[in-house]
Amino acid sequence: MIISDLTKISDNQGSSCGDSSNVSVSIPVSSTESEKSVTNCIVSPGGMKYFMPTSVDGSQVPFQNQSFDSLDKAYNFYREYGRLGGFDVRKTTEKRDADGTIILKHFVCSKEGFVDGSHSEGIRQRRTVSRRCGCKAKVVMKIRSQNRYYIFNFVELHNHPLASESGRQFLRSSREMTVSLRSFVFDAAKVNIGCSKAFSLVKEMTGGYSNVGATLRDFRNFNRDLKEFVGERDGQMLIDKFKVLQETSKSFYFAYELDGDGHLTMLFWADPTGRRNFEIYGDAVSFDATFDTNKYNMIFAPFTGVDKHDRCVTFAACLLSKEDVAHYNWAFKHFVKAMGRNPVVFITDQCPAMKVSVPASFCGDNGLVASKHRLCMWHIMQKFPIKLGNRLCKETDFMEKMKTYIWSSNLEIDEFESGWKAVIGEFKLEDNKWLSDMYDIRKSWIPAYFRDSPMFGLMRTTSRSESENFFFSQFHKQGDTLCEFWIRFESAMHRQRNETERLDHESNSSKPNILSRWFIEDDAAELFTRSIFYKVQEEILASCLDMQIKRMSEEVDGVTHFEIKDVKVKDKLFKVTVSKSHAVCSCKQFVMCGIVCRHAFCGLKQIGVTKFPRSLVLNRWMKVAESGTSLESNVVCSDYFKMEQVSLKLTNLWFDFRQILSKAGVEMDKLDYVHKIIKQISSDFEKYDGDSVDFTKKDHMAAMVGEQPVEEITILAPTVSRNKGNYFKRLVSDREKAMTKANKRVRRCKECSATTHDSRTCPKKKKDGGAVVSNML
């Protein structure tokens with residue numbers, strides 16, 4: 001058979017591929033060390049080398065007259081033979097009869113034929129390579145009766161070296177983005193893990209790069225194909241998905257707006273869980289725009305609050321193409337419509353558009369209580385070094401003195417104003433315009449002016465909005481389509497809500513240590529979540545250790561008045577009025593934060609209260625805060641999340657398979673048994689191939705990001721926006737410019753080490769060069 005193949009090949013090879021003389025002798029020649037176990041090299045009398053696979057089991061080698069039930073099965077058989085032998089296979093020539101039935105089909109080595117290397121002059125060509133070398137190895141299939149096919153001709157020898165043992169992993173037949181690999185890449189992208197890291201993770205899971213079954217380029221190509229699958233249908237597909245969510249859950253709210261050309265410009269959504277959370281925790285809402293979350297540079301702005309564990313909770317979100325009054329008015333209008341009421345306090349940064357939009361949108365129309373607009377203190381405090389200079393803020397005690405009056409929530413209005421003026425006068429800053437502007441708007445950001453408003457920690461410590469923006473940055477990327485953005489947003493929400501469930505479990509399944517002998521602390525441990533209890537516990541301990549009662553009145557109608565000195569607050573007496581069921585303190589901490597202050601606890605302890613007064617327990621801080629809400633969160637039907645269920649099943653199967661391999665260990669008998677069972681399962685599946693419908697790559701992508709619209713696209717993808725927060729147009733402060741310049745590596749001339757030029761334009765080099773020329777002359 002080998003001699004006949006050599007004769008066929010020699011008779012048909014051109015001068016560029018082999019000798020045209022007849023072959024009568026075959027001489028085995030030793031191959032390189034890497035090829036010994038894969039190929040056998042044969043040299044013709046004319047010196048042409050031919051290669052034949054030797055590492056393939058006899059049952060997997062094609063032979064003349066071998067029959068198959070279909071062309072697909074024949075092709076898969078020859079493809080597997082090529083994978084084991086070290087070459088790729090492709091389909092070529094075919095013949096059909098009058099009915100269109102294929103009667104003859106060629107399966108050839110991928111290096112069959114030649115590539116035309118000609119190109120047009122003047123046109124720069126890409127650097128490409130050709131693997132075609134006129135190889136004649138092939139299998140020719142011919143039809144028999146009853147649509148069965150048999151091998152009519154089989155040429156086994158190749159005119160090129162076959163892939164080595166280590167190189168077979170890079171053959172096309174060895175590389176396939178299977179359903180599990182595609183799912184892994186897609187799931188990894190949900191948590192901002194790119195293709196490169198996902199490829200490395202699969203390598204660690206499978207034990208080596210050769211076991212992955214695909215290359216890094218295949219991973220990246222799938223990600224590219226996923227974006228192309230969405231393409232210009234991006235806006236339409238996302239809105240269609242929202243419509244499906246609304247059909248399956250009446251509590252899912254969304255709204256969108258198009259421009260005159262039909263491009264999506266504004267999008268708002270609030271899911272059932274977010275709307276339920278607003279009903280419980282929506283007294284204070286923070287709103288801040290973030291950027292670089294999608295390929296259209298649309299602004300992503302979540303509505304954020306604080307939950308019962310003192311963690312950020314997202315109520316709703318929007319995507320806007322511009323940062324102007326009209327867009328913010330639209331978003332705020334739909335936020336109120338979705339939630340049914342205004343928040344008590346609405347906190348933003350100093351955006352001029354929000355300054356106009358917030359009062360207009362959260363007003364007292366339609367019988368609603370108007371919201372109070374407050375500015376985030378964290379954002380303003382960050383500007384002090386920028387506006388006043390690092391020397392003043394970091395090398396003097398200016399900031400320490402200023403923070404004493406800015407941050408304190410115990411000061412009265414007149415105390416703050418006198419303290420501010422004293423510090424400004426001490427450092428001679430009366431003429432500073434920025435400080436004057438901040439003083440003019442003091443009622444919107446200084447705690448002394450809104451001690452009667454519930455803030456629940458949104459204006460103190462670190463900015464909640466900045467924390468929320470950082471949280472979402474772990475999921476989103478600048479190049480995301482809207483469909484990808486939504487998938488990543490859902491993943492972020494799942495993490496946030498899973499963390500809440502974990503904290504719920506910890507609060508309900510254990511009890512924190514009690515540090516005092518006061519029974520009210522035990523009661524607090526039963527009522528409040530863990531994080532809030534620790535804050536209450538701190539106040540209880542301080543009431544026992546740091547308080548001094550300066551005056552106590554007689555009890556009148558069950559009410560007692562105290563004047564209490566806090567040893568940690570200088571020159572301040574706190575007036576406290578307590579009864580068995582309530583307490584009021586002049587520090588107003590309970591009004592602002594919803595947590596009883598240490599001064600009130602001192603008064604309650606003095607009159608012998610042992611049970612936590614229920615009038616001092618806010619539902620938002622309790623373990624059972626969610627009970628009794630009007631909106632249900634788990635109302636989306638499970639059919640919509642079929643892809644998530646499939647992904648979970650694949651993960652569980654992979655985990656079980658790894659467990660089986662772990663039990664088998666390194667014992668060959670057990671591993672052979674596992675391999676035998678896997679082959680049996682594969683054989684069983686092949687029996688049902690005729691009845692099954694192929695789950696194509698396109699079907700899989702549709703299950704991931706949504707079906708492509710079948711009708712005309714009425715919602716076009718957004719146009720690329722240009723906002724002040726986008727990277728290419730972001731306003732950079734002098735401070736940031738200085739920091740960037742300081743961190744930048746200084747380029748120096750290699751000749752004289754100067755920083756004003758490089759070695760190509762160095763004056764010293766030109767001078768020395770001129771001297772050398774003069775000497776030569």
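I count two strands as paired if DSSP finds at least two bridges between them. Strands (E, at least two residues) and helices (H or I, at least four) are DSSP runs, numbered from the N terminus.

**Before looking**

I am working with a predicted model, where local features need pLDDT of at least 70, side-chain atom pairs count only at pLDDT 80 or more, and totals for chains, interfaces and linings use all residues. Residues are numbered from 1 along each chain as its sequence is written, and side-chain values use heavy atoms, with hydrogens and water left out.

**Entry: strands**

I started with S7 (residues 138–143) and S8 (residues 149–155), which pair in the antiparallel sense over six bridges. I found Ile 143 opposite Tyr 149 in S8. S7 and S8 make a hairpin with five residues between them. In the turn, I noted a positive phi of about 60° at Gln 146.

Then I looked at S6 (residues 102–109), which runs antiparallel to S7 and is joined to S7 by five bridges. For Val 108, I found the bridge partner Lys 138 in S7.

**Entry: salt bridges**

My cut-off here is a side-chain nitrogen of Lys or Arg within 4 Å of a carboxyl oxygen of Asp or Glu. With that, I get 33 salt bridges in the structure. For accessibility, I call a residue buried under 20% relative accessible area, exposed over 50%, and partly exposed in between (1.4 Å probe, protein chains only).

I picked out Arg 311 and Glu 499, whose side chains meet in a salt bridge at 3.4 Å, N to O. This pair links distant parts of the chain: Arg 311 sits in the loop between strand S12 (299–306) and strand S13 (312–320), and Glu 499 in helix H17, 188 residues apart. Arg 311 is partly exposed at 39% relative accessible area, and Glu 499 is partly exposed at 25%.

Next I followed Glu 499 to Arg 502, and their side chains form a salt bridge at 2.4 Å, N to O. About one helical turn separates Glu 499 and Arg 502, because they are three residues apart in helix H17. Arg 502 counts as partly exposed, with 35% relative accessibility.

I also checked Glu 563 and Arg 551, a salt bridge whose closest N and O atoms are 3.6 Å apart. The pair links distant parts of the chain, with Glu 563 in strand S17 (residues 560–566) and Arg 551 in strand S16 (residues 547–552), twelve residues apart. I noted Arg 551 as partly exposed, at 42% relative accessible area.

**Entry: cavities**

For a cavity, I take a set of points on a 1 Å grid over the protein atoms alone where a 1.4 Å probe fits but cannot get out; lining residues have an atom within 4 Å of a point. Points are joined across faces, edges and corners, and the volume is the space filled by probe spheres set on them.

I found four cavities of 30 Å³ or more. H3 gives the most, with four residues.

Methods:
1 Å grid on protein atoms, 1.4 Å probe; cavity = no way out; pocket = protein on both sides within 12 Å on 5 of 7 lines; lining within 4 Å.
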